[in-house]
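Hi everyone, thanks for coming. Have a look at the sequence and the model on the screen, and I'll walk you through a few spots.

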Amino acid sequence: MGESGEGEVLLPSSFTVGERVDVQGEKATVKFIGYIKKDEDTKKIVEVEEGDLWLGLEWDDKERGKHSGEGLFEVGVPGSGSFVKAAKVTRAFTLLQTVEEKYNDILGNAAEPTDMFVPTAKDNRVGIELVGRDKAINRYKNLHLLKTVSLDHSKAGKVGNAEETAEKLKVLEELDVSHSLFSDWMEVEKLGLALPTLRALQLNRCRISLPAAFPVEASPLSQLKVIALNRTGLSFKQVCTACTRLPQLEALHIANNQLTNLSDAADIVNAALASVKVIDMDGNEISEWREVATLAKLPNLKKLILSDNKLTDVEAEEGDFAALENLSLSGNKLDDWKCTIPMLHFKHLTEAKLSRTPMFESLASSAAHRTGIARIPTLKMLNRSEIGAVQRDEAERFYLSRWAGGWDRAKAEGEEAKAAFLAEHPTYSKIMARLGEIQVIGTVADGPRTMMDEVVELNFVSELSEKKHKKKLPPTTGIGAVKALGARLFKLELDNTTFRYYNEGAEHFPEPLNEDFRTLDYYGIVSGATVLVEAK
């Protein structure tokens, strides 16, 4: 099949530079083809006229490498190269050969449940337990009924006889050939001839090369709806160039591709991705929003995943991302809540993920969650938590209370200060219009108040006493001091006491006060809040 058989005469013409091969399950790219030996004097590898045929390989797993080509070939990753005898490599199998080999193995020697896995769109493996084994085996006996096939980590690398494949896999809709030997985009396009019903294709970790120019004819893959090109090393411009051949594409996955530059594709992106609804760029190296803005005018983009990049800010203008409903920015370097202001331009944004960012981690999780809800009024889900009417009402009341002191100071300072405050808190006026203005408790009779002038009035209550204690504390008071005060008020031993709190209107959701070194402000505790002092 695809193996170099014993006794077969292997010539340099048997292989091509750039070809993908398999060596005992490890994938590599051919970088050199020829006859070599070690020079006895210099101890260097040199090319000779005859002998055993050797291949210079660049390994996908750089740990398999021994050098960087010894001057006979170049590698992209230092130390990822080595020489291997041509007779020891396995070349690409056809798609149908690989499918038949895999499912014949399943039928003849069914894998134990612990050996089974499914690949995800981001090219991770998730172990599964095989349920309904008899039904599955019966399906595998009838390849023409298969709608989904996974050939992840296989030796598949070419289409072969398209007509025969189309006859045997006539209803196949989803194909995963991640980390396989497919390497030529034009060979990938032939999958459309062999699998006319194909709608989703995963090519994660494949080392794909594009032609210098595409043919004028439409691509056989023009019906494809979903493509995954995670960890392929393709630039965004290369991806867009390939996508010009996929006019019906709806979902594009290019995670963990070390992408930094999107703007290089500005001249083709709107045409290439006009039909795309989902773009997944998780785990790349994008650090500037101006690169993301390359996608701002895509007319159908509804979901954009940018988690675990290096973004520090968000920028947008009216009309940007007009169709966007779902935005993931978790794990970026966003450190200021001002970055939510441009999101107000995303008129249809109903779901956002902002966790694992400095701005979220600067507050207790509940305070950060409420702040995010209040600052982005269109959200119906934040960090996978649904936002109902009750949650929004509580979040906006919290936000109104939390920033009431700032608003009070701005009013005292004049119109310019008020305008600056509302520019930084653009949803505040609408929240005030709905809920009314809050009177700030302070210690200064006249004139503008500072943060230190403001106090937070707390209600200390305990199940051990009918008495309620009211205390006024600065928002910078440490939680350790609050706990000590609570224990003293109810004559309890601090070490045998637990503390929880809730802001006004959230009595059904008390939350623990665990971090003594934090402050009332960190937890988002505002005037009217209740501290529950309870014996362990």
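**A charge, a sheet and some rings**

Let's start with arginine 518: its charged end sits over the ring of tyrosine 522, 4.1 Å from the ring's centre. By "over a ring" I mean that NZ of Lys or CZ of Arg is within 6 Å of the ring centre and within 35 degrees of the ring normal. Arginine 370 does this too, lying over the face of phenylalanine 398 at 5.6 Å from the ring centre.

Some housekeeping. This is a predicted model, where local features need pLDDT of at least 70 and side-chain atom pairs count only at pLDDT 80 or more, while totals for chains, interfaces and linings use all residues. Residues are numbered from 1 along each chain as its sequence is written, and side-chain values use heavy atoms, with hydrogens and water left out. As for pLDDT, that's the predictor's confidence in each residue, from 0 to 100. The protein averages 88, and 88% of the residues score at least 70.

Now the sheet. Helices (H or I, at least four residues) and strands (E, at least two) are DSSP runs, numbered from the N terminus. Five strands make an open sheet in the order β22-β21-β25-β23-β24, with mixed pairing; strands pair if DSSP finds at least two bridges between them. β22 and β24 are at the edges with a single partner strand each, so one side of each has no neighbour in the sheet. β23 and β25 run antiparallel, joined by 6 bridges, and threonine 498 stands opposite glutamate 534 in β25.

What packs against this sheet? Helix α15, residues 479-489, has buried residues including Ile479, Val482 and Leu485, where buried means under 20% relative accessible area with a 1.4 Å probe, protein chains only. The buried residues of α15 pack against β21, β22, β23, α16 and β25, with contact meaning heavy atoms within 4.5 Å.

Last stop, the rings. Rings of Phe, Tyr and Trp (its six-membered ring) pair if their centres lie within 6.5 Å; planes under 30 degrees apart are stacked, over 60 edge-to-face, the rest tilted. That rule gives 11 aromatic pairs. Tryptophan 407 and phenylalanine 421 form a tilted one, 5.5 Å centre to centre with 45° between the planes. Tryptophan 407 belongs to helix α12 and phenylalanine 421 to helix α13. Phenylalanine 421 is buried, at 8% relative accessible area. Its ring also meets tyrosine 428, with centres 5.1 Å apart and planes at 85°, so that pair is edge-to-face.

Notes: Buried means under 20% relative accessible area, exposed over 50%, partly exposed in between (1.4 Å probe, protein chains only).
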